[in-house]
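Take a look at the protein chain below.

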Amino acid sequence: MQYASEKLRNDKEVVLEAVKRDGGAALVYASEELRADKEVVLEAIKTCSYVLQYASEELKTNKEFVLRAVKNDGSALEYASEELKADKEVVLEAVKSDGFALEYASEKFQSDKEVVLAAVKNRGYVLQYASEKFQADKE
């Protein structure tokens with residue numbers, strides 16, 4: 001996509017095929033319009049979790065969209081809006097998908113027992129991102 005013409009960068013069919021093969025590298029060069037397209041960005045996330053950083057700001061703040069993204073790969077939480085990093089439903093889905101998402105959750109959820117337990121069940125060593133009170137909690 002890097003060397004594709006503007007016309008091709010704005011062609012949904014071409015961009016969808018490109019993001020299926022290499023989500024992050026393809027989406028970064030897609031047109032602004034297609035970086036705001038839910039179908040294109042979700043397809044890109046399937047191959048590359050960090051792709052949400054190239055999505056439109058509108059998608060990064062869209063709860064329904066971010067929920068779908070973090071269910072696919074919890075680490076996508078890193079690029080969600082601050083508001084959604086502070087949304088318990090979004091954070092829980094993210095840590096269930098990938099415990100490492102706890103690192104990107106708002107501080108209040110790094111101290112939330114339900115969230116921390118869900119993250120640790122997914123990956124035990126993410127306890128490092130939890131508040132200190134949980135690092136000594138047997139449960």
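## The nonpolar core

Of the 43 residues in the largest nonpolar core, Leu-27, Val-41, Phe-65, Leu-77 and Val-95 touch the most other members. A nonpolar core is a set of buried Ala, Val, Leu, Ile, Met, Phe, Trp, Tyr and Cys residues joined through side-chain atoms within 4.5 Å. Buried means under 20% relative accessible area, exposed over 50%, and partly exposed in between (1.4 Å probe, protein chains only). Helix 2, helix 3, helix 5, helix 7 (88-97) and helix 8 (113-122) each give two or more residues to this core. Helix 2 supplies its largest share, 6 residues. In soluble globular proteins, nonpolar side chains tend to be buried together.

## About the model

This is a predicted model: local features need pLDDT of at least 70, side-chain atom pairs count only at pLDDT 80 or more, and totals for chains, interfaces and linings use all residues. Residues are numbered from 1 along each chain as its sequence is written, and side-chain values use heavy atoms, leaving out hydrogens and water.

## The whole chain

The chain has 9 helices and 0 strands. Helices (H or I, at least four residues) and strands (E, at least two) are DSSP runs, numbered from the N terminus. The C-alpha trace spans about 55 × 25 × 20 Å along its principal axes. Of the 139 residues in the chain, 46% are buried.

## Helix 3

Helix 3 covers residues 38-47. Its buried residues are Val-40, Val-41, Leu-42, Glu-43, Ala-44 and Ile-45. Their cover includes helix 2 (12-27), helix 4 (57-60) and helix 5 (63-72).

Which residues does Val-41 contact, leaving aside its neighbours within four places in sequence? They are Leu-27, Leu-34, Arg-35, Val-51, Ala-55, Leu-59 and Phe-65. Contact means heavy atoms within 4.5 Å.

## Lys-71, on the outside

Lys-71 sits in helix 5. Is Lys-71 buried or exposed? Its relative accessible area is 52%, so Lys-71 is exposed. Lys-71 still touches Glu-93 and Ser-97, not counting residues up to four places away in sequence. Tyr-104 is 33 residues from Lys-71 along the chain, and their C-alpha atoms are separated by 15 Å.
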